[in-house]
Amino acid sequence: MASEEQKKRGLIIVSNRLPLSLRKVDGGFESSLSSGGLVTALSGLTNSTTFKWFGWPGVNIPDPEEQKRAAESLEEKGAKGIFLEEELGHAHYNGFSNSILWPILHYQSGVDFNEDYWKAYQRVNEIFADTVANEAQDGDLIWVHDYHLLLLPALLRERLKSQGKKCPIGFTLHTPFPAGDFWRSLPVEKELLKGVLACDVIGFHTEEYKRNFTEACEQSLGAQATDSNGIKFEDHCAQVGVFVVGIDPQKFDNALKDDAVIKRIQELDEEYKDKIVIVGVDRLDYTKGLVQKLQGFEEFLKENPELAKKVVLIQVAVPSREDVKEYQELETEISTLVGKICGTYATPEGVPLIYIHRSVSFPELTALYCVAKACLITSRRDGMNLVASEYVACQEDRYGVLVLSELAGAASFMGHGSVTFHPSSTRELADAIHQAVTMDDEEKKRRYKELSEFVTTHTSAKWGQTFVDTLAKHSS
């Protein structure tokens, strides 16, 4: 638990996007909490620590008067909006962050560098630094999140120092950090590394990502790794660690006891009583291996005609970055594959694949997780992938099988209790599905218990508190 002193001092969370949705109401603004991985992961902190959240509010508000009203609405929810001009925000987010950084962090090569996008990225990080430094009190803990803000820690350190404020700064990367050859393809990689190294504590989801980052700092900057998980660069030493992110299992326990959810589970159980349901839940992104998933499932159906009528894959693909060309092309490719599989294997009794291209509500998602006999995660690269934990949290007494790509961050911790495979191998994927749907009950139970223990001991609350406690040690 947080000490009284920690509560009083306060914590500043900084992310590209605020966890709030703003909407206009009667000349003013109303804000409501949105769902997302980071919101979920930090929800456990609200009981023990007072924190203020800084970020872009997700809407373009050019009028200064309207900005003021929007800021007041956000203030009521403990948030500080950082307003950006539309063009600048677009070049920073869709341009540099998601067209250049995101693919490189996920081991994609052949990315074109763009100077204008890079300038926008620098400018947005400066705007964030100015806002946070001016609002921070001496001694506040500052926790920066993710790849949109890699330059921010160094810019913040500079500004805080000039204002005579001492604030421990932490940073967490929620994506993979790639091996050297991928990272070095970025012409500005040194500047980005220096930005992060100004932190006191740097957190990654797995040992692999931490090791890749440390090696990049040594090779590109001549930084020195210390015996005590530190990286020394110039006159500063940053502590680097693995902080295992999780979910709030209680949230799913509560949902599974809700009357509406119980009713929905009963309806789905009845609907699919003669079927083996496999569930997939992904953002529609090329890193999630959705094309490979469908090709592997198609191979499974072809190789196992006796199971083709018994198995149904329910795939939720949440729309993402729909204004980016690569994502539009991916959506078209997936829709074509879905049509091909359904066209080949559908019968008057039903189809082996149900494709849901939209968000589903939390109660519906919980019910889907619960009725599925297996969950299929095919990420080609992933920071962690909390769907794995969410599925396990909904499977008590049902012992569903987790079929997990060995390249998802979650495989570092949940691989032993899962059926793992390489996501680029259609054959391995098809075999993994077959193993999951034909597994005996004893084996399912043994694997589930191992997974359940991990999910209940590595919660979001524990992750948040551990990071904050580690950061607080750098206060002196």
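Predicted model: local features only at pLDDT ≥ 70, side-chain atom pairs only at ≥ 80, totals over all residues.
View 1. Where the domains touch, domain 1 supplies 19 residues and domain 2 supplies 18 residues.

**View 2. Helix H11 crosses helix H15.** H11 spans residues 259–271, and H15 spans residues 362–371. Their axes come within 9 Å and cross at roughly 45 degrees. The pair is therefore oblique. The crossing of H11 and H15 is right-handed. From H11, the contact uses Val261, Arg264, Ile265, Leu268 and Asp269. From H15, the partners are Pro363, Glu364, Thr366, Ala367, Leu368, Cys370 and Val371. By class, the contact of H11 with H15 holds 8 nonpolar residues, 1 polar residue and 3 charged residues.

**View 3. Helix H12 crosses helix H18.** H12 spans residues 290–303, and H18 spans residues 426–437. The two axes come within 8 Å and cross at roughly 65 degrees. The crossing of H12 and H18 is right-handed. H12 brings Gln292, Lys293, Gln295, Gly296, Phe297, Glu299, Phe300 and Glu303 to the contact. H18 brings Thr426, Arg427, Leu429, Ala430, Ile433, His434 and Val437. Sorted by class, the contact of H12 with H18 has 6 nonpolar, 5 polar and 4 charged residues.

**View 4. Serine 405 is buried in strand E16.** The strand spans residues 401–405. The relative accessible area of serine 405 is 0%, so the residue counts as buried. What does serine 405 touch, leaving out residues up to four places away in sequence? The list is Ile377, Thr378, Ser379, Ala411, Phe421 and Pro423.

**View 5. Aspartate 397 has a positive phi in a loop.** The loop runs between helix H16 (387–393) and E16. Phi of aspartate 397 is near 70 degrees, and the residue is not glycine. Most residues other than glycine have a negative phi. Is aspartate 397 buried or exposed? Aspartate 397 is exposed, because its relative accessible area is 60% and the cut-off for exposed is over 50%.

**View 6. Tyrosine 107 has a positive phi and is buried.** Tyrosine 107 sits in the loop between helix H4 (86–105) and H5. Phi of tyrosine 107 is near 65 degrees, again a positive value in a residue other than glycine. The relative accessible area of tyrosine 107 is 15%. That value makes tyrosine 107 buried, because the cut-off is under 20%.

**View 7. Glutamate 115 lies in helix H5.** H5 spans residues 115–135. At 47% relative accessibility, glutamate 115 is partly exposed. How far apart in space are glutamate 115 and phenylalanine 96, C-alpha to C-alpha? The distance is 9.1 Å. In sequence, glutamate 115 and phenylalanine 96 are 19 residues apart.

Key:
Residues numbered from 1 in each chain as written. Heavy atoms only, no water. Axes fitted to C-alpha atoms, helices over the stretch in contact; angles between N-to-C directions. Helix = DSSP H or I, 4+ residues; strand = E, 2+ residues; numbered from the N terminus. Parallel < 35°, antiparallel > 145°, perpendicular 65-115°, else oblique. Left-handed = near helix turned anticlockwise from the far one by under 90°. Contact = heavy atoms within 4.5 Å. Nonpolar A, V, L, I, M, F, W, Y, C, P; charged D, E, K, R; others polar. Buried < 20%, exposed > 50% of the residue type's maximum accessible area, 1.4 Å probe, protein only.
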